[in-house]
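Hi,

Here is the structure I promised to pass on.

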Amino acid sequence: MKPIHLHDDRLFPVDEKTRGIARALYQSVRNLPIISPHGHTDPRWFAYDNNFGNATELLIIPDHYVFRMLYSQGISLESLGIPRWDGGSTESDPEKIWRIFADNYHLFAATPSRLWLDTVFKQVFGLSDMLCADNAMAYYKHITSELAKPTYKPRALMNRFNIELIATTEGALDPLTHHAEIQGTEWEKRVITTFRPDDVIDASREDFKQNVVKLGELTQQDTQSWQGYLTALRQRREVFRRHGATATDHGHPTAATANLTVSECEKLFDKCISGQSTEQEQELFRAQMLTEMAGMSIEDGMVMQIHPGSFRNHNASLFNKFGRDKGADIPQQTDYVNALKPLLDKYGSDPKLNIILFTLDETVYARELAPLAGHYPSLKLGPAWWFHDSPEGMLRFRHQVTETAGFFNTVGFNDDTRAFLSIPARHDVARRIDCRYLASLVCEHRLSENEATDLAQDLTYNLAKKAYKLEGY
Amino acid sequence: MKPIHLHDDRLFPVDEKTRGIARALYQSVRNLPIISPHGHTDPRWFAYDNNFGNATELLIIPDHYVFRMLYSQGISLESLGIPRWDGGSTESDPEKIWRIFADNYHLFAATPSRLWLDTVFKQVFGLSDMLCADNAMAYYKHITSELAKPTYKPRALMNRFNIELIATTEGALDPLTHHAEIQGTEWEKRVITTFRPDDVIDASREDFKQNVVKLGELTQQDTQSWQGYLTALRQRREVFRRHGATATDHGHPTAATANLTVSECEKLFDKCISGQSTEQEQELFRAQMLTEMAGMSIEDGMVMQIHPGSFRNHNASLFNKFGRDKGADIPQQTDYVNALKPLLDKYGSDPKLNIILFTLDETVYARELAPLAGHYPSLKLGPAWWFHDSPEGMLRFRHQVTETAGFFNTVGFNDDTRAFLSIPARHDVARRIDCRYLASLVCEHRLSENEATDLAQDLTYNLAKKAYKLEGY
Amino acid sequence: MKPIHLHDDRLFPVDEKTRGIARALYQSVRNLPIISPHGHTDPRWFAYDNNFGNATELLIIPDHYVFRMLYSQGISLESLGIPRWDGGSTESDPEKIWRIFADNYHLFAATPSRLWLDTVFKQVFGLSDMLCADNAMAYYKHITSELAKPTYKPRALMNRFNIELIATTEGALDPLTHHAEIQGTEWEKRVITTFRPDDVIDASREDFKQNVVKLGELTQQDTQSWQGYLTALRQRREVFRRHGATATDHGHPTAATANLTVSECEKLFDKCISGQSTEQEQELFRAQMLTEMAGMSIEDGMVMQIHPGSFRNHNASLFNKFGRDKGADIPQQTDYVNALKPLLDKYGSDPKLNIILFTLDETVYARELAPLAGHYPSLKLGPAWWFHDSPEGMLRFRHQVTETAGFFNTVGFNDDTRAFLSIPARHDVARRIDCRYLASLVCEHRLSENEATDLAQDLTYNLAKKAYKLEGY
């Protein structure tokens, strides 16, 4: 068996001088509290503080980074116990599933998943040999028995992980029951929600029509009319804000925005809720709704996150069996410069508007996003995201963005994960890479070491708090 | 207060061996004269040699790199004294403006502006503390008083900066009065013009129709007919050549070219000067005119520069108040391989044609531009430009272009700036980065040190003189 | 005269620690046999084992990397002896041509051609001075006289180069006479063919109609009907398999695929063979045929290589004189995520399907290809190719692909060349760069040295054998 390879200097540049500075910068930020303003953890964990289940249930089944790689090498999702929405059968023995994972752990060499998992195994569970076929069951048992201890309950881990604040993400129709449970407790300021209204905005969804009806029931508004629909959304935003939300999140296929007249909006809305809309109309409706959301953000102060560019559920046969979010989302080319113009023409100069842009298309970093964020006061850039939430991805982000947008048009790191145990590992990668980048600037005499030290703090902590308006938290 | 951080080894790689070679190469070119074959300085400066005004007027108000960054952080252009074309009020106290700039100087950390400005402050004005809130007024006064000295007059600075030749850029209707002033003096060979006919070619401009009328008045040609219009352009090109121009410059939104029949051209031209043309017709007219300009370049030997890919004046409300060139130009995806084909089909194999291509879309470096320039004798590649005129941008250019196009299909550096004082700093960055790149090739044994030394001279001086046909100058 | 600069440590990183590890990894793979599963060498060489001709005929005339660079600097293809298909005259004195090449050898500085050529000159021919004007004729004579020796015959070189297996590429109509010659000899397992049916699939070709007729004659099938045409293709695939082929190769302009009904296919096919098809119909036919080929691959087990993204014969006047493959192929933007969906919807989950994707558009590495290959079991990624078969190109490939696709969704290196003598040089570059990349991962503590050693073997040898199903060879 081989040891887990988790060197103190991992991800730092090899040159000793740069590495020394990177290490010093990292020492100054490694223990700062974690701000996690965008993610997908389950609020039930923090509301009820029950222990997690077994290793497989926590570390494999919900992690699409893990099972997509296994699937790409011919391992079926059925054999990995991924739940099916068509009701078909799937493996139910967590030990069998864990064994498959262990047997194939070599596939993850040089991927961020490997880095995160090794960090979890070693730092969260105290394991020291690398996962392999031989120790698979010992691993499984150790992790599963640790998870049963009080020190592995969600709130205990929040403290151990030094997570100052975590935001979850809920759909517009979510009753926020679990967040309500937290209200009034000492956790209220540490676990907040985020308003993600895609389910009531994206008319291409099979459940859109029905979701708009539910929105009406929930808000007692006539959501069959354009004005009633908007009022209902305003009301949900307010409810979310009362449960701590400072931000909205919009995961559209493209960054398209529109600026239609009210009567055009009314007609388009009618078409969409009729269930008879074309793909073009659905796209236009999403586009118009981004502009509407920007208008509401100006009213209520919520920060708007726009995450376009994913071709969702690309694998049709997998989607039919397993449903959404099963690793078959593929990035595609994404335009921002034309797409955002209608929204920016209407609201881009309003000092009360705050938009954070993300991308899965790295070609826009230097070409579109840095110039846009380096000009518009309403635009800032979210961190390297999803497939690019990786050492190389983060480096490309800094290298391609900084010269035009500077550091202060960026918003720090966010982990965007449902893999709670990996949150410290993910923030640690970001801290290491940012320090590495700053150290290179210092060694190339493009920045003084003093400035780099201040910037390391900003990138790790200050910018996230400010950009997501968490300063009162 | 902190010192200005301007290390002798700035921008060199950290590795000592590579740095040593980079340093040696740089020593061999650092004092070569500057050839500036493409830029936007004001010919009046060189014609009349008057002193510049105050620090704010020279260093902030004309520099869109500077005020776009300030604007992106919520500082209004009004407060920065940017002149408005709607006649609205704007700050007129240069000291107040300078103070805002100084208070926000940290925003420029790790940007090329910071590098250029620090170099100007230290090397041109002898300042040694970094600009900050505390020394803002001392800075302002020092710079402003220096600017009043004879040694800071434009021609004195031309000599101090070792600028052998500088090209300005004038529209087709420009009377070239200031260049005429220089004709017959010893400065005639050092300050030349460039023919930029966008104002009489781009039918989407609000002043296009009127510009074509003026073109007729200026040339005594019937510019309401296609043939008269072409003759007028030929005539203006000749006038520009008599004022030193060796090149034309074309800043179209795209690189589209066309190859229409004469009768199609006539119809399209009529439509465009009627003021009734559609966007598609305007695009097609620009496309056809690039091909016409190529034809005239073959006749008169002028080098043709094509700079596509900017979405001009993206911020509508800012444009309405402040007009063009206010930092709201955003690059967009740019195709060359299809766009240039009509022109290349017609003229691409003519040994008398010389086109220099620029891009704001780095994705085309390796994919389209290097393969095109590495094949067509008529095509060469301009340097990393505008947002990419930066250490990282220049490195990406060399890394992505050299393996396919080699060095001899590139044309050296040009500064493309109206910020006269920053010209030495900009060329210095290019020299350092080119030497750094060459040094890496040497250390990886991909080039001998002798070859690198020759190439450093070529990239710094020879290629620009040759590509812009400045050898007789 | 300067020595050929071919350092033992070429292409390794300059940092001593990383270089040391790169060197050790490279030592472990440098002498592994060469697997060349995709290329364009002439099967006659291996079938009849005759000596090659002179230096010019072998090293310049067939190498479009070489003559495209010379052409880009104004040297006509006529003067380089490139054969014309319009029957026009062209230089026939090989010494004159060689002299031009030698005079301009400096143009290749820092290109992969220079690296390959220097390696051939030194390691294959024992030359030690770099090619230049002064030694041009000595070079020519030395190379030409060496080529006449028995030790320079193709089979002797196959052994000397340690090429375990080489695949050539033949069109669907090729009689495979030369491969038949090899059948039953000890070379049968070392020289195999590849099925490239573009000539009978691409209806935009001037010879398409006639090729489909020939296909019918060759197979005794009614290729004027859709079903007969498909049967004929199946039959040709079988013949190719009997001549060793394990793979097909598809060089379409785009990666478009389609999934039409049988009756739509029939209509489209009729239109295409009528010679009356539009460009759109030709594109749709190619798209449908990729899906058909995938279906046949599932039946017969052949690995499918898809190489899209080249705008062929971009230079019209050159094409008219010299025909195809004369260096005027320019990459263009290429979509995969939408283009491949119809094929993947139909066959993507079939465990028997094996597709290897290549690209000339590097922007898709991280955005589309790595996510696709990191998900679909049927997809793997071919190496950096053509313009990107270079040190920088290979590094970009690894840096942008590995974090999402891992190593095991890639297929090792292939040289894709008709320049037989350069094959060892090309594989050597790939081995050096892969070892360099792995060494960096080790030094940044992202991989253990043990893992890197195993991976170096995989990337050099195992993955290619497995991906191309050469394990029985």
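**Salt bridges and the B–C contact**

Over all chains, the count comes to 103 salt bridges, taking a salt bridge as a side-chain nitrogen of Lys or Arg within 4 Å of a carboxyl oxygen of Asp or Glu. Before you read on: this is a predicted model, where local features need pLDDT of at least 70 and side-chain atom pairs count only at pLDDT 80 or more, while totals for chains, interfaces and linings use all residues. Residues are numbered from 1 along each chain as its sequence is written, chains are lettered from A and ligands numbered from 1 in the order in which they are written, and side-chain values use heavy atoms, with hydrogens and water left out.

Let's start with chain A. The side chains of A:R426 and A:D389 form a salt bridge at 3.7 Å, N to O. A:R426 sits in helix α19 (residues 423-443) and A:D389 in the loop between β11 (379-381) and α18 (391-405), so this pair ties together parts of chain A that are 37 residues apart in sequence. (Helices, H or I with at least four residues, and strands, E with at least two, are DSSP runs numbered from the N terminus.) A:R426 counts as buried at 2% relative accessibility, and A:D389 is buried too, with a relative accessible area of 4%. Here buried means under 20% relative accessible area, exposed over 50% and partly exposed in between, with a 1.4 Å probe and protein chains only.

A:R446 forms a salt bridge with A:E403, and their closest N and O atoms are 3.1 Å apart. That pair also links distant parts of the chain: A:R446 is in the loop between α19 and α20 (449-467), A:E403 is in helix α18, and they are 43 residues apart. A:R446 counts as buried at 10% relative accessibility, and A:E403 does at 8%.

Chain B has a pair within one helix. B:D118 and B:R114 meet in a salt bridge at 2.8 Å, N to O. They both lie in α6 (residues 112-124), 4 residues apart, which is about one turn of the helix, and both are buried. There is also a network of salt bridges that links A:E392, A:R436, C:E403, C:E444 and C:R446.

Now for where chain B meets chain C. The contact (heavy atoms within 4.5 Å) takes 41 residues from chain B and 49 from chain C. The two chains bury about 3900 Å² between them, 52% of it on carbon and sulfur atoms; buried area is the accessible area (1.4 Å probe) that two parts lose on being put together, summed over both. Across this interface there are 4 salt bridges. B:E451 and C:R114 meet through their side chains in a salt bridge at 2.9 Å, N to O. On the chain B side, α1 (16-29), α16 (341-347), α17 (364-373), α18 (391-405), α19 (423-443) and α20 (449-467) each supply at least two of the residues touching chain C.

Most residues other than glycine have a negative phi. B:W386, not a glycine, has a positive phi of about 60 degrees. B:W386 is in the loop between β11 (379-381) and α18 of chain B, and is buried, with a relative accessible area of 10%. C:D416 has a positive phi as well, near 50 degrees, and is found in the loop between α18 (391-405) and α19 (423-443) of chain C.

Cheers
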